[in-house]
Structure formats: structure tokens, C-alpha cells
Amino acid sequence: IRRSMDISCCFQRCIHLISFCKNWELEVQAVSDVIRVGIADMNTCTDGEMITTVGLGSCVGVVLYEKSKNLAGLVHIMLPDSTKIRQNQNPLKFADTGILALIEELERKGLSRQRMLAKIAGGAKMFQFSSDSTMGNIGEKNVEAVRETLKQYGIRIAAEDVGLNYGRTIVFDPQTKELTIVTAGKKKHII
């Protein structure tokens, strides 16, 4: 019975998150020049554009930017470590390889790794399982892997909104350097 209740609760949270994301997607579409980043995806944006990813649950959104330039990038990380998965076709899925890919892309476009800063969001524990399984802690593991990878490359985290038990949608403006975080049932806030 407990497992059935866990699954029912998970299903209800998923439905709520999907509904919220669709509503937020309509709000974001009202802004011109919004670049969307999907799951296990990355992209960059410049002055006059914004970049967003929708529905960060246990996934982590990593934004890299420089204070002095109006260029930024976002990667949507799903899993912590590419070495733990066989036949991983998409390096953007993992913290260790996705962040490096974003760093390299931003360097090609003129940013300096030594001056890059990061803002991160996500890494929630979306589902409560009756046993403390590895699956229940994937958000926490993602956040740890993101922090460690950024530290490895000498990139300081300027701000973060991570953990807890709710999903997030994020929008970054490379001109103001503001990361807007929207969560169902909560006020949106900026870090």
C-alpha cells in the first residue's frame, strides 16, 4: 500500500509540474528572442536575448557568463557522471561532460574561463520513496557533481537555488546577469 501511495504521489507531482511548465512556457513565449534549452541540451545567448530551460526537477541548470560581456550559456544536466553509464551518446546529459562542452563553446565565442561565473538551479528531490534509494537522491548527486566540476575548472558559483522538493523553470538575461527562477505555487525570484 505504501509503494502505491508513493507512486500516486509521484504521479500527482508530475502532472502538477507538467501543467505548471506549460503555463510558464506561455509566459516566456511573450518575451521575444528567448532561446530554449531542452533536457540534456545546451545553447548560448547574447545581448537582447534570454535563455531558458523549463521543468528542472532533479536536473540542474548551469548558467555560465562573464560580468563584463553580454554573452552566456546554459546547459541542462540530467545525471552526475558520464563514466557510470555505458553507451552515453549525449555528453550534455552529464555534469562532467556537459559543463566542459559549455565552457569550450563559450571560449570559442570569446569568454575567458578564468573570468566565468556560474549560477545554478534545480537538483530537487522530487519523489519520496519508502526506502532511501539512489533514485531518490539523484538531485543531490547532480548538485554535488555540478559543484565539483565547476570547482575543477576554477569557476566560482555566484548564486544558486538548489535542493528541496519542487521543480523550477529558469530564465537568464545576459545583459543584467539575473537568473529568474519560477516555481509552481511560489513567487518568482531572482538570483
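A polar contact here is a pair of N or O atoms within 3.5 Å; within protein, one atom must be able to donate a hydrogen and the other to accept it, and residues adjacent in sequence count only if both atoms are side-chain atoms. The model is predicted: local features need pLDDT of at least 70, side-chain atom pairs count only at pLDDT 80 or more, and totals for chains, interfaces and linings use all residues. Numbering runs from 1 along each chain as its sequence is written, and side-chain values use heavy atoms, without hydrogens or water.

**View 1. Asparagine 70 and lysine 177 are joined through their side chains.** Their polar contact spans 3.0 Å. Asparagine 70 sits in the loop between strand S4 (60–65) and strand S5 (71–77); strands are DSSP E runs of at least two residues, numbered from the N terminus. Asparagine 70 is partly exposed, at 31% relative accessible area (between the limits for buried, under 20%, and exposed, over 50%; 1.4 Å probe, protein chains only). Beyond four places in sequence, its contacts (heavy atoms within 4.5 Å) include Cys45, Asp47 and Pro174. Cysteine 45 is 25 residues away in sequence, yet 8.3 Å away C-alpha to C-alpha.

**View 2. Glutamate 66 is buried in the S4–S5 loop.** Its relative accessibility is 1%. Its side chain makes a polar contact of 3.4 Å with the side chain of arginine 115.

**View 3. Five strands form an open sheet with mixed pairing.** The order is S1-S3-S8-S9-S10. Strands S1 (34–36) and S10 (189–190) are the edges, each pairing on one side only; pairing requires at least two DSSP bridges. S1 and S3 (residues 50–56) run parallel over three bridges. Isoleucine 35 has isoleucine 51 of S3 as its bridge partner.

Notes
Helices (H or I, at least four residues) and strands (E, at least two) are DSSP runs, numbered from the N terminus.
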